[in-house]
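Thanks for making the time this morning. I would like to walk you through one model, piece by piece, and I will keep to what can be read from the coordinates.

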Amino acid sequence: MVTHGHGDHARPGHRKALATPETLAIMRTRFDGMPDTGQQSLKYGESVRIGEVDVELAPAGHILGSAQAALAYKGQRIVVSGDFKRRPDPTCPPFEPIPCDVFITEATFALPVFHHPSDMGEIGKLLRSVATFPERTHLVGVYALGKCQRVIKLLRAAGWDKRIWLHGSLMALCKLYQEQGVDLGDIAHVSDAILENFRGAIVLCPPSAIADRWSRRFADPVPAVCSGWMRVRARARQSGAELPLIISDHADWAELTQTLKDVGAPKVWVTHGREEALVHHARSLGIDAEALHLAGREEEGT
Amino acid sequence: MQAFATLLDALSYQPARNAKLRLIETYLRETPDPDRGWALAALTSGLDFPAAKPALLRGFGEDKIGPELFHLSYDYVGDLAETLSLIWETDPNAGPPPTLGEVVDTLQTATKMQTPAILKRWLDSLDATGRWALLKLLTGALRVGVSARLAKQAVANIGNQPVDAVEEIWHGLSPPYRPLFDWLLHDAPRPSTNAGGAFLPPMLANPIERAELEALEPAHFRAEWKWDGIRVQIAASGGVKRMYSRAGEDVSGAFPDIIEAIDFEGVFDGELLVRREETVAPFNDLQQRLNRKAVTPKMLKEHPAHVRLYDVLWLEGEDLRALSFDQRRARLEAWNAQKPRPRFDVSPLVIFTDWAHLAQLREQMTSDGIEGLMLKRGDGAYLAGRPKGPWFKWKRDPMLVDCVLMYAQRGHGKRSSFYSDFTFGCWREAAGQRELAPVGKAYFGFTDEELRWLDKWVRDHTTNRFGPVREVAPELVLEIAFDGIARSIRHKSGLAMRFPRINRIRTDKPAAEADTIDNLLRLLGPSGLENPAESAYVTAP
């Protein structure tokens, strides 16, 4: 059962995989060998019985196709949140809180210092920088799946109608989003540019490409990085960003704590990040909370 | 306050000088008085508040989210002011955020008892960046990589004036600098320059090499030693006594021994040194006295400061800058002869017949207290800035050593895709093994073309990665030039080079033949081997 298509959740090589149709499409785009995997798709709200357990997927608001898994067995319900966020995202339906007995929550940004500001405010920072440095290229580091498409949609909402240039590694998933009905406007591959000096342009690329030789083609680039980690200066500086933009697809502290209230689970298992603070907070609310350590999970760079 | 916070935030991430200037200029143009003036004061360290104590901030944080969560947060962020700014939440009912002017006015009049409540109200009304900027302002250190000089350059730029025109009147102005902005932006008259103790922009020299000297007439030039200290200006008038760095920073506070010894009126150009009896101490000793907020009596006693005068710009109410060097020199010597002053003396002229003779004198000068020679035209006026022609510096030849490249790191800004910061080492014996010990780091000295070559070499010879740092195979020899070397407890090899740069890429030399640590130790000389603090150099007669 795969909650969403990010590389630390979806892996190639399964014999069988159950996920939303969008997540399966993402996996087919990303992985070779998917024809060998038995794929079972389950739309949001549909349910399927596996053995004695009723399985249902519900929107997680994280990226296109992202889902929580609700597992019901003999009147008891466990919900696995997967990665989620609570604020609106133009590329996917919003998170739906499901009342449950056990809630397994992610905790990527589970510290009170993480409070993501309004995403349109951050996009405003980017556009203001473009206006201040019109002769420079703004290189915006984004994760290829989800963040990239959300940032494009946010730029469109802020009135940026010009062509948005993309690093080659972002093309395939943007194409997939377009096929899934997400309108990204005028986007193009950087390598396809002929008469373009990229002055005043916005170029999206994976964060690692900013300091890569690839970036030398641009005019005195302004490196920007979109991530929830940009909230903390030391982390932002480490990323090499001159323009850190706090745009995250994960719940911040307020969203995490609000979600514990909304689902009302008496038992909470915390995983994927800073368990300690959220466990402490949940216990102070009288919830039976503990850290759940998953093997093989690395900190997500987005 | 919010606009100022946005500026500080952008500056803190911006490595490039020109981009920093653009950000400050945009802010100064768009922000009304008096806020922009207060901002300028903050950037030039001209604001003086009773500082907020860390305990107060910690208390705020613990009250807000409980000690446990605050501790976890602080532990993760690592900076108290930043942690507090991040965990605090904006209260939509707190009213409008304060302006910078309001913050300054309020804090200058508020009592200690009132401050916490006022501060809480402000924290409620600002966003996270605003809170961070406010707390940085209150705890004293902005640390956004902007020098006072750069801020003044930005101010000068908005009025299309040279920075020296701002520098000359700067010390007669006080925040929020309304007359300055009126002059630069609204055609008001330039504020007057005759305030007591004003800084006068200094005259600077261009470097010159031996071969280039042949084009010059020796009889036109006077020579003096270039002392290895810090170029300063002593400015005393109307009862105000100050010492400035070359960039116009007021450094009086760190050198009360000099300031107290000023019993004259005038503006002098000279070199700040640590001097014990007749000997000038190494630059290292002077460094001990720099960047210190408080000077201890022990420091004053063991590292006594001294100013060796080169020139006089004003004397007893008279501006001498239009006079020739020879005329100013005569005035300086006559003034000095009237009364001996233990903290001040006049740098002697070096008498020479022709360039060959001077070259010989330069060769013979082995004192470490001297960086080289200055050449000044006898008929030249004292001109601000770095005019071409009248003044030259003829530095001593740098020391050279062959090192092996060990690590490389990518640079910033335009160099962010290039491995351009290089750590290099020399050989030493350890437990019977020959190993490389890092001796320094350099990020200039090479051409753009060499940088491209080095970048590729690093990528092709990487053996290990530690985050942003690449370790490379110990195969490439770099000839490193540097101006001095001293013992240092802060460096792993126990040595610190002064001003190291990459002089040449020695692809012709096998790495095994690079220099050893012992070779470097020998450069310290016999006195340097024992204890740097006690090493002393004999000054030139």
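Predicted model: local features only at pLDDT ≥ 70, side-chain atom pairs only at ≥ 80, totals over all residues.

Sorted by class, the contact of helix 6 with helix 9 of chain B holds six nonpolar residues, two polar ones and three charged ones.

Staying with helix 6 of chain B, is it largely enclosed by the rest of the structure or largely open, and why? Seven of its eight residues are buried, so helix 6 of chain B is largely enclosed by the rest of the structure. The buried residues run through B:Ala81, B:Glu82, B:Thr83, B:Leu84, B:Ser85, B:Leu86 and B:Ile87. What they pack against comes from both chains, namely helix 5 (233–238) of chain A, and helix 4 (54–65), helix 5 and helix 9 of chain B.

That brings me to the interface itself, where 22 residues of chain B are in contact with 27 residues of chain A. On the side of chain B that touches chain A, the elements giving two or more residues are helix 2 (17–30), helix 5 (67–77) and helix 6 (80–87) of chain B. Of these, helix 5 of chain B gives the most, with six residues. The residues on that side of chain B divide into nine nonpolar, seven polar and six charged.

Let me turn to a helix pair in chain A. The axes of helix 1 (residues 21–30) and helix 4 (residues 171–179) of chain A come within 10 Å and cross at roughly 150°. That angle makes helix 1 of chain A roughly antiparallel to helix 4 of chain A, and the crossing is again a right-handed one. The contact is made by A:Ala25, A:Ile26 and A:Thr29 from helix 1 of chain A, and by A:Ala172, A:Leu173 and A:Leu176 from helix 4 of chain A. By class, the residues of this contact between helix 1 and helix 4 of chain A are five nonpolar, one polar and no charged.

Six of the eight residues of strand 3 (residues 230–237) of chain B are buried, so strand 3 is largely enclosed by the rest of the structure. Strand 3 of chain B pairs in the antiparallel sense with strand 5 (residues 266–276) of chain B over seven bridges, and in that pairing B:Ala236 stands opposite B:Gly266 of strand 5. Strand 3 of chain B is also joined by six bridges to strand 4 (residues 240–245) of chain B, and these two run antiparallel; here B:Ile234 has B:Met243 of strand 4 as its bridge partner. Strand 3 and strand 4 of chain B form a hairpin with two residues between them, and B:Gly238 in the turn has a positive phi of about 55°.

Finally, some backbone details in the loops of chain B. A cis peptide bond joins B:Asp33 and B:Pro34, with omega about -5°, and B:Pro34 has its place in the loop between helix 2 and helix 3 (35–43) of chain B. Another cis peptide bond joins B:Pro175 and B:Pro176, with omega about 5°, and B:Pro176 is found in the loop between helix 11 (163–170) and helix 12 (178–186) of chain B.

In the loop between helix 11 and helix 12 of chain B we also find B:Tyr177, whose phi is near 60°, a positive value in a residue other than glycine. Is B:Tyr177 buried or exposed? With 25 C-beta neighbours inside 10 Å, B:Tyr177 counts as buried. B:Asp187 likewise has a phi near 60° without being glycine, and B:Asp187 lies in the loop between helix 12 and strand 1 (206–207) of chain B. B:Asp187, however, is exposed, with 8 other C-beta atoms within 10 Å.

Definitions and conventions:
Residues numbered from 1 in each chain as written. Chains lettered and ligands numbered in written order. Axes fitted to C-alpha atoms, helices over the stretch in contact; angles between N-to-C directions. Helix = DSSP H or I, 4+ residues; strand = E, 2+ residues; numbered from the N terminus. Parallel < 35°, antiparallel > 145°, perpendicular 65-115°, else oblique. Left-handed = near helix turned anticlockwise from the far one by under 90°. Contact = placed C-beta atoms within 7 Å. Nonpolar A, V, L, I, M, F, W, Y, C, P; charged D, E, K, R; others polar. Buried ≥ 20, exposed ≤ 12 C-beta atoms within 10 Å, placed from the backbone. Pairing = 2+ DSSP bridges.
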